[in-house]
Amino acid sequence: MSGLPDELWRQILEIGIRNSKFSYKDLCCVSISCRRLHRLSSEDSLWSYLLFSDFPSPSQQQNPNSNHSSSTSPSAKSTYRIKFEREKDRKVAAHRRAVLRKESEIVERERKIREIETRLRLETENMTAASIELSNLHKVRQASVALNVWQPEVVRGRQKQIVEQCVVSVESRVHSLEMELKLCKQQIAGFNKAHRDEKRRLENAKEELASMKYHPLQDYRLTSSGDNECNKKRKKLKRC
C-alpha cells in the first residue's frame with residue numbers, strides 16, 4: 001500500500017465514487033484507516049463528485065467542481081456536511097409529521113370505536129326493552145284467548161286483570177314490536193361489523209406507528225414499569 005503513489009489512490013477513489021459504488025460513509029471509513037488516506041479522502045475533488053451525485057443542482061450539471069474553484073468558497077466537504085444536515089433535518093421533520101398524523105389517526109379511530117360501542121349499547125337496550133314488551137303482549141294475547149275457555153275463577157280473574165291492564169291494541173302493537181326487533185337486529189349487526197372493521201384498522205394503524213417509531217437500538221415495547229424495573233436492577237448492581 002505504501003508503494004502506490006497518491007495519484008493512483010486518488011484515481012481509485014474517484015472511480016469508486018463515479019461508479020456510484022462509494023458513498024459518504026465509505027469515504028469516511030477510508031479516511032480513518034491511515035493518515036495518508038485521510039488526507040486523500042478529504043480532497044475537494046472527491047467530495048465534489050459526492051456532492052454532485054447526492055445533491056445535484058442545475059449549476060453543477062456541467063462541472064461538479066465549478067462551485068469550489070474559488071479559494072474563498074467553502075470546501076466541498078463542508079458544503080456536503082451542511083447539505084447533509086439540512087436533508088437530515090428535513091427527513092426528521094417529515095418523519096415527525098408522519099408520526100403525528102398516524103397518532104391523530106389512532107385517536108380518531110379510538111373515538112369512532114367508542115361512539116360505535118355507545119350506539120351498540122343503546123341499540124341493545126332498545127332491543128331488550130322491545131323483547132320484554134313483546135313477551136308481555138304475548139302473555140296478554142294468551143290471557144285474552146284463555147278468557148273464552150272455562151277456567152277456575154281465580155285463574156280467570158288474574159287473566160282478566162292482565163287483559164284489562166293493556167290499553168293498546170295487542171295485534172298492532174305486536175306487529176310494530178316485531179318490526180322494531182327486526183330493525184334492532186339489523187342495526188346491531190351493522191354496528192358489530194363496523195366495530196370489527198374499526199378495530200382492525202386501529203390495530204393496523206398501531207402496527208404502522210410502532211414500525212415508524214422502531215429503532216434497532218431501542219425497544220419501544222418497554223413500558224414505564226419495565227423501565228423502572230430496569231433502573232432498579234441497575235441501581236442494585238451498582239450498589240453491589
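**Helix packing, core and aromatic pairs in the predicted model**

The residues of helix α2 that are buried are L27, V30 and S31. Seen down the axis of α2, these buried residues fall within an arc of 100 degrees, so they line one face of the helix.

When neighbours within four places in sequence are left aside, L27 is in contact with I17, S41, L46, W47 and L50. L50 is buried, because its relative accessible area of 1% is under the 20% limit. Not counting residues up to four places away in sequence, L50 touches I17, F22, S23, Y24, L27, F55 and Y80.

Helix α1, which spans residues 6–18, has 13 residues and reaches 18 Å from its first C-alpha to its last, close to the 18 Å expected at 1.5 Å a residue. Its buried residues are W9, R10, L13, E14, G16 and I17. Viewed down the axis of α1, they fall within an arc of 160 degrees, so they line one face of this helix as well. I15 and R18, on the other side of α1, are exposed. What covers the buried residues of α1 includes α2 (24–31), α3 (35–41) and α4 (44–54).

Aromatic rings were considered next. A pair of aromatic rings is described by the distance of the centres and the angle of the planes. By the rule applied, the count comes to 5 aromatic pairs. In one of these, Y24 and F84 form a tilted pair, with 4.9 Å centre to centre and 50 degrees between the planes. Y24 lies in helix α2 and F84 in helix α5, so the pair ties together parts that are 60 residues apart in sequence. Y24 has a relative accessible area of 24% and is therefore partly exposed, and F84, with a relative accessible area of 27%, is likewise partly exposed. F55 and Y80 form an aromatic pair that is edge-to-face, with 5.3 Å centre to centre and 65 degrees between the planes. This pair links distant parts of the chain, with F55 in the loop between α4 and α5 and Y80 in helix α5, 25 residues apart. Both F55 and Y80 are buried. Together, Y24, W47, F55, Y80 and F84 form one aromatic cluster.

The cysteines were examined for disulfides, and a search of the whole structure finds 0 of them. C28 is in no disulfide, and the nearest cysteine sulfur, that of C29, is 7.0 Å away, whereas a disulfide would need the two sulfur atoms to lie within 2.5 Å. C28 counts as partly exposed, because its relative accessibility is 36%, and C34 counts as partly exposed at a relative accessibility of 27%.

A further position was examined in helix α5, which covers residues 76–146 and in which R109 is found. R109 has a relative accessible area of 17% and is therefore buried. Not counting residues up to four places away in sequence, R109 touches E198, R201 and L202.

Methods: Residues are numbered from 1 along each chain as its sequence is written. This is a predicted model: local features need pLDDT of at least 70, side-chain atom pairs count only at pLDDT 80 or more; totals for chains, interfaces and linings use all residues. Side-chain values use heavy atoms; hydrogens and water are left out. Helices (H or I, at least four residues) and strands (E, at least two) are DSSP runs, numbered from the N terminus. Buried means under 20% relative accessible area, exposed over 50%, partly exposed in between (1.4 Å probe, protein chains only). Contact means heavy atoms within 4.5 Å. The expected span of a helix is 1.5 Å times one less than its number of residues. The arc is that of the directions from the helix axis to the C-beta atoms. Rings of Phe, Tyr and Trp (its six-membered ring) pair if their centres lie within 6.5 Å; planes under 30 degrees apart count as stacked, over 60 as edge-to-face and the rest as tilted.
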